[in-house]
There are 4 protein chains.
Amino acid sequence: MSHNTFGHLFRVTTWGESHGPALGCVVDGCPPGIRFKLADIQAQLDRRKPGQSRFVTQRREPDEVRILSGVLPDGEDGSLLTTGTPISMLVENVDQRSKDYGDIARQYRPGHADYTYDMKYGVRDHRGGGRSSARETAARVAAGALARLVVPGLTVRGALVAMGSVEINRANWNWDFVESGDNPFFTPDPASVPTFSDYLDSIRKNGSSVGALIEVVAEGVPAGLGAPIYGKLDAEIAAGLMSINAVKGVEIGDGFATARMTGEENADEMRSANEGPARFLSNHAGGILGGISTGQPVIARFAVKPTSSILTPRQSVDQDGRDVDVTTKGRHDPCVGIRAVPIGEAMVACAIADHYLRHRGQTGRI
Amino acid sequence: MSHNTFGHLFRVTTWGESHGPALGCVVDGCPPGIRFKLADIQAQLDRRKPGQSRFVTQRREPDEVRILSGVLPDGEDGSLLTTGTPISMLVENVDQRSKDYGDIARQYRPGHADYTYDMKYGVRDHRGGGRSSARETAARVAAGALARLVVPGLTVRGALVAMGSVEINRANWNWDFVESGDNPFFTPDPASVPTFSDYLDSIRKNGSSVGALIEVVAEGVPAGLGAPIYGKLDAEIAAGLMSINAVKGVEIGDGFATARMTGEENADEMRSANEGPARFLSNHAGGILGGISTGQPVIARFAVKPTSSILTPRQSVDQDGRDVDVTTKGRHDPCVGIRAVPIGEAMVACAIADHYLRHRGQTGRI
Amino acid sequence: MSHNTFGHLFRVTTWGESHGPALGCVVDGCPPGIRFKLADIQAQLDRRKPGQSRFVTQRREPDEVRILSGVLPDGEDGSLLTTGTPISMLVENVDQRSKDYGDIARQYRPGHADYTYDMKYGVRDHRGGGRSSARETAARVAAGALARLVVPGLTVRGALVAMGSVEINRANWNWDFVESGDNPFFTPDPASVPTFSDYLDSIRKNGSSVGALIEVVAEGVPAGLGAPIYGKLDAEIAAGLMSINAVKGVEIGDGFATARMTGEENADEMRSANEGPARFLSNHAGGILGGISTGQPVIARFAVKPTSSILTPRQSVDQDGRDVDVTTKGRHDPCVGIRAVPIGEAMVACAIADHYLRHRGQTGRI
Amino acid sequence: MSHNTFGHLFRVTTWGESHGPALGCVVDGCPPGIRFKLADIQAQLDRRKPGQSRFVTQRREPDEVRILSGVLPDGEDGSLLTTGTPISMLVENVDQRSKDYGDIARQYRPGHADYTYDMKYGVRDHRGGGRSSARETAARVAAGALARLVVPGLTVRGALVAMGSVEINRANWNWDFVESGDNPFFTPDPASVPTFSDYLDSIRKNGSSVGALIEVVAEGVPAGLGAPIYGKLDAEIAAGLMSINAVKGVEIGDGFATARMTGEENADEMRSANEGPARFLSNHAGGILGGISTGQPVIARFAVKPTSSILTPRQSVDQDGRDVDVTTKGRHDPCVGIRAVPIGEAMVACAIADHYLRHRGQTGRI
């Protein structure tokens, strides 16, 4: 990966800071002739947008996306057609409150990138975290919305499966519920909503924060996407998910649990199929073997650490090397993992779209 | 990542199959003027080499590395000097037994890449797994041995911390013991050796296999390596580790455990330091914040699934779509996780070396 | 090169069409801590801007550049400081007249990219040439303005040295005159202005167009930039210049003339120097030997073909395969080579800045 | 381009020095299922091989290529089948005479890369030019031989069209004669052979050298290959050709002559065709418009400077900054341009193969 670009044929470059005038992305390599509406992109951004419940940051950003290039109007209904040239998308920042950050302009918030940015660059945009702000992820979600259109039949869905010490009951899994209006958590388990609400209210009122576990499932991934060694589909999904702010772990299929398994337990047995080459009797592999998709659902999970911006004072130092106690005011997500759901989906969708094009390029077999 | 290349300035391209004449790598972008001996590279390959105990594959490969380009003889003691041009390294395959694979030439071993290779390429070198064989990792280890020389003061060490259901006792951690002659497991806990021996003997005698958990620690990583978004140091370490055969999960620092933590628990507090900019009071972050190294040890863990090649018959299909029962003979590691230790180190070392050069390039601050 | 990105460490991605709302670029990898003013960027764009004389297109575009990310305000005088994160720059399209193109919406203009875009993408933005419009080059010039700031002491200047059948007199070469207000041609020869004026007036009045030859000279390029094989400094300058619209040839130093020379004539002899390692007695090589800069001025020339959009009817076909006669109205440069001068400079500056960072990264010798 | 790699989907990495044990390349991304024989590769290497006439270097290298990975034996006739995994090819160096270079170990040959390598790396393999030796091009030719197989119906042929002050008569052009046994010059004009022979004999006997002009023509290139901006087909051909040792200029189609043309002269008019979309009435564009292939033959020319290694003493300096007179003994080509013909073909073939795969990847239209 380059610094601010990912993908090989479906290439996404993002730019923008939390408190600059705007943020955005350039998607290069998108196939021509894809018909879509701006609303298809906006719908994904709306899922990630702040301020939608008391459980996320109260910053008010409409996150309205504009497409500046790479499309043509197509027909009377507002449809757009990709031309194959780079698609530039832009989201304005509207509700900056830089003064919230005055106190910490010269302090390093523990757990945050303040310190490492200064170590790297010797200069830092402290306002809202600058480039390390989660606002950057709006650009990823916009790119991911395009990526979803590249692979025919692809569906990429995500859900929050644990928040702090509270886990969902997988027996209650209901994909439809994830997007329901009564669900501020992207949880697939309706029964978990009151529990998560009470738990996160208590966290929030304490000025604290908490981590979360997210699962992303991609269905309709053709067998054969990926590459045997470094460009493995799972390696690139791992990189994509780990590149999301606050993510500290990624696993594919049974993931870390496979370390405890035997070969007999882990093997996904196969039987002949009426249609297609074979069917699998299980999916411990999470849809990827040897870096290449099997045709089963691709399953990835990632761990999001608790927001570093908390009200509890923490010991730290400032830019002059003096000991300080840091308290972060500003407006923050008590659990950034919630809004990470559409972001994780976007990164998985981009990795799959990229490998779809690469596979078609190398083999012509799609 | 390109298909068979990783890294941006310190670039590694590997090639070779299990049962071809040789395998190797080309390391491009290595700084000029690094003085080393062939034995420095060979020593790393010897750590990964098969046949060193009854707990790993009995294939007998000397794994002698040759350097074909990019170095000059320097002095009378056999030292070599890098010239800055591409360094090509080659390891011959000596002990192939392709006939072991005759039975499964047309069968798909469950959990293996046989099926996905055929889905992708429509042609497959079934002998020893072809390109998906763990033999490819010898090339990574050779490249990693060079990478270790790029960053002054860098030390990258790994250890096996769990095998199947058995974990080490971290209170006994002893880095020196990891490399000791009495330790066929790369375990840091001397007390774990008899336990692992008995456990793996039983697995091996049953023709089964088992997964493992590996931890890699890099010390001497300067603060400031990495990049804020897609080229994050942790994202590239994640990609590198996930690209190793059989790896299904990667985490940095406290990793998946952070999903259960609060912001207070997760924050690594700082105090001013006598030398240097600051010192951290803990290392939950695993040495990386916002994708950039903090100067603390970089800590990564990865899960290796059990070897898919087992003696127990498993249900599968063959290339003609017929149901078959597959039993893998050949010579296999009952726990591939053991030999994954030096491989994981190599991937971490390569990612750090690459970011060291990238950081120097962009900022000139090293 | 990726489709719409160039550079390895100093990476430029451009986007935008002639008749969309805007065009722009993202510059990734710019070193942090560079202090500059928006006017430094604008000054370069103003040199390329249309409508500045009767000899260029009469499209009225202010070409005001906005910087949307990657900089911080620094001080009271409006200075900006690069932060090391991606710098997004945007120029709005103001004076589109899409109806000019109604007649040719379905026709392929000979010598233009209309036909090949349709062959490639099956869909095409015909308005003003879409992505193949020379308006895209505004984004390159903006990026080049930043690139000039990356290498201390670097000066990159260009001049038009021939237009159609008229050549300048090199004996009159005056760099200061190139930028003079009385010089609508970027010619370094004051005596050539009336000749070029008369010549181009006649071309313009005939509804015709004419080609040109441009020379770019970079001074202050440190010795050692480049790479021995594919990433040669000259190879990347060649790619950059050839990627400019309408460019059909590139040469370095004595270029095509070297094909006629003997080794004695071509050799740039050297003598010891009071300061620095050596001085050259000539510069046939154009400042690059073996792909690496010598420390002498880097000299590149490129040929720009005549604008394809002419009033003279030409035989062609339309999208339905019918024979048509095409006449291009719109507003066009009778000699696009004129405005190619600052564009060529920008591409050379970007290639040098990129190799400056790459050289520092690999060798630490700057 | 990376330092020693070119191509995006069809990626070639080369390695090796003139006087090391071997040189070679890794071709990554080659489509699977291509059937060929080792002799197909060897035939191209034989065309470039030294020692085939008195007009080229007398170094005796069999240049026998070995394929170490990425292929499977296919059938009884020695055919090979690409598997889609990286293809590693190796050529041993047999006839090194390092002692020829003893005198110039510490001297900088004018016009050679000696000086710039030392400026860049601070260390240099002086034996035979090290990495900057034309021997490296054997690896390109091997890669190009594979590239030719990637695009169905592609033919790439080259010819020497001028040597020093002597040009061929294009009216005599005969492609068959280029490869004839009586033609040590790759000239397409039978009448030029005695002239070139006499001319080059005189150059050679004087210990001098001379430049040359080469033309490469690719037929069977489908319309639509390339990209509108930086990844233009012509930009990548230009980079590829300029990356060949001693090349100082590149042009496409009418190239530099277009600078003198009017729009009417330069336009390639079109008429409707019985088959396919259209036919062109001329090919000034050299088969590329807007960076994308038109379907006409792709035509590129490049200028090769005279060999810098000459017997005439030249003024120079040594590594200690002392003035010296340099005379190069060794065995050298009096006109390196001759053997550049198959090398130029290889670079053009690689660029086309890469864009063929990229076009298929992005658009699926092949």
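Student: What is the area buried between chain C and chain D?
Tutor: This is a predicted model, in which local features need pLDDT of at least 70, side-chain atom pairs count only at pLDDT 80 or more, and totals for chains, interfaces and linings use all residues. Residues are numbered from 1 along each chain as its sequence is written, chains are lettered from A in the order in which they are written, and side-chain values use heavy atoms, with hydrogens and water left out. Buried area is the accessible area (1.4 Å probe) that two parts lose on being put together, summed over both. Carbon and sulfur atoms give 56% of the area between chain C and chain D, which is about 9000 Å².

Student: Which residues of chain C lose the most area to chain D?
Tutor: In this interface 111 residues of chain C are in contact (heavy atoms within 4.5 Å) with 110 residues of chain D. Three residues of chain C together make up 10% of what that side buries: K120(C), Y230(C) and K248(C).

Student: How many salt bridges are there between chain C and chain D?
Tutor: A salt bridge is a side-chain nitrogen of Lys or Arg within 4 Å of a carboxyl oxygen of Asp or Glu. One pair is R260(D) with E167(C), with closest N and O atoms 2.7 Å apart. Another is D323(C) with R271(D), at 3.6 Å. The count between chain C and chain D is six.

Student: Which element gives the largest share of the side of chain A that touches chain C?
Tutor: The area buried between chain A and chain C is about 2800 Å², and W15(A), L68(A) and V123(A) supply 18% of what chain A buries there. Helices (H or I, at least four residues) and strands (E, at least two) are DSSP runs, numbered from the N terminus. Elements giving two or more residues to this side include β3 (22-28), β8 (87-92) and α2 (114-121) of chain A. The largest share, five residues, comes from β2(A).

Student: How many salt bridges are there between chain A and chain C?
Tutor: Here 37 residues of chain A are in contact with 37 residues of chain C. By class, the side of chain A has 14 nonpolar (Ala, Val, Leu, Ile, Met, Phe, Trp, Tyr, Cys and Pro), 15 polar (the others, Gly among them) and eight charged (Asp, Glu, Lys and Arg) residues. The count of salt bridges between the two chains is zero.

Student: How far apart in the chain are R47(A) and E345(A)?
Tutor: R47(A) forms a salt bridge with E345(A), the closest N and O atoms being 2.7 Å apart. R47(A) is in helix α1 and E345(A) in helix α8 (residues 340-363) of chain A, and the pair links parts of the chain that are 298 residues apart.

Student: Is F185(A) buried or exposed?
Tutor: F185(A) sits in the loop between α4 (175-178) and α5 (192-205) of chain A. Beyond its neighbours within four places in sequence, F185(A) is in contact with residues including F55(A), L160(A) and I338(A). Buried means under 20% relative accessible area, exposed over 50%, partly exposed in between (1.4 Å probe, protein chains only). At 0% relative accessibility, F185(A) counts as buried.
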